[in-house]
Amino acid sequence: MSTVKMEPMIEIFLEETASLMVEFEEVVFTDKEEFESSDVNQIFRVVHTIKADAAMMMIENISDLARTLERVLYFVRDENKTKLNNERFRGILEECIDFIKCELDKIGSGYIPNGDNTVLIEKVTKYLDFLSNKQDLEPIEEIVEPIYYISSTEPVEQVQEKKYYCATARFVEDNIEICEKANQLVNIINLVYDSNCSYFPNTKEKELASDIIEKEGFKIIFGAESSIQDIEDIIMDPELLVLLELELIESYEEMSRLVRHYKMRFDFEQQKINRDKNSSIFIELNQLYTQVSMIIDDMNKNLDRSVVLVSSGGDIQLEKLVFEKLSSSIVHIIRNAMDHGIENREERIRANKDINGTISIESEEIDEAVRITISDDGAGLNKEYIQKKAIEKNMISENAVLSDKEIYSLIIQPGFTTKETATDYSGRGVGLDVVNVNIQKIGGLLEIRSKSGLGTTFNIIVPKKL
């Protein structure tokens, strides 16, 4: 397997996407029987952000899957919920989570994310066709059975015949560090039962793992053909273990659910640790400007645009956590400017404009904050059309009298878009919603101004650090 160099933007992408995946899992892996509108909106924001960020980093198998899943979420949110079967829907979401996390693990280990998403994309597409009445699905027993993207050296047929166990281990206290003992136990189980077990927490993160093991024990999930008594007789080494609790897992599906559950818990704890570590790391905005330039170049080719980027203040530094949320927001604004705002060549000629459109990003420090102004010289926001679409979506009444500020605030509401047809870049009513949510999360402010025929400006003020 080929490896890739871990560059700063990749590190930021991994950390931000890992945080998003925790948020994704918290919504999906819940005891609630039905998904509420707020759940769908939250998943939509997460998937839309992952799609944009993965596309920006040119990780196509993740961005393509997220784009396909986004179409399902768009339909569920806006079109027809009467055919929504929550079990099927949850199964689709779980498989997408497993695939994306598997690819993120590869990137984090320095490998190229080369997983084949073809079968999963076909399955998601087929589910969308079912929702939109284009075709029927097989019986639920045949389609819901998930493909879990977890490591295994054994064929699925062989795996399904095994019994599955969840072991909780507590170790003898001596001068050997606890993570070393945990790794020793994993090696014993893998060797004795020819297994490729899953274990939690990840012992590579020694400080965090040691703390969790001491409080909750070391969890190991594995398959074996032996009974609980036989396993205890072989594994229970009094020089290594104080306690070994074994629980029989009812099914392969329950085993996979437990793997995800413990992985999610560890990820959540690791995110909290990373937040503390990242509070002392600062990143220049120039890194973001480079990525924005790449996005504009790509969209120029695909959308018949000729747009140049003008930027200033790239040497300003932001705390890493602020930078991550801000960069995601700016990427969404740039994509919307390219797809919604700036006219194509022929339209600009008819409007007596320079054939080359301009997007500018100007950043300046204000005490302990930074103001980022993103402007385009496109067509501007159509206030009348925004109000018309808001009335159609029952967001405002027909006789509502709104100020410019109130009208522009409508475009950052969940589900709002003025595009008649969704594209790979925008039109699903989620991009600017993400911008607003991310900026609020870091205690920032967002202001939108626009002039018809002259363009649109987004003013963002964020703290330098949290």
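Strand β3 (residues 218-224) is mostly covered, with seven of its seven residues buried, where buried denotes under 20% relative accessible area, exposed over 50% and partly exposed in between, for a 1.4 Å probe and protein chains only. Strands (E, at least two residues) and helices (H or I, at least four) are DSSP runs numbered from the N terminus. The model is predicted, so local features need pLDDT of at least 70 and side-chain atom pairs count only at pLDDT 80 or more, while totals for chains, interfaces and linings use all residues. Residues are numbered from 1 along each chain as its sequence is written, and side-chain values use heavy atoms, leaving out hydrogens and water.

In a regular strand the side chains alternate between the two faces of the sheet. From β3, Phe 218, Ile 220, Phe 222 and Ala 224 point one way, whereas Lys 219, Ile 221 and Gly 223 point the other way, and all are buried.

Strands pair if DSSP finds at least two bridges between them. Strand β1 (residues 163-171) pairs with β3 in the antiparallel sense over seven bridges, and Ala 169 stands opposite Phe 218. Strand β2 (residues 198-200) also runs antiparallel to β3, joined by three bridges; here Phe 200 has Lys 219 as its bridge partner.

Helix α13 (residues 320-341) has 22 residues and reaches 30 Å from its first C-alpha to its last, close to the expected 32 Å, which is 1.5 Å times one less than the number of residues. Because 21 of its 22 residues are buried, α13 is largely enclosed by the rest of the structure.

In helix α8 (residues 178-192) lies Val 192, which counts as partly exposed because its relative accessibility is 41%.
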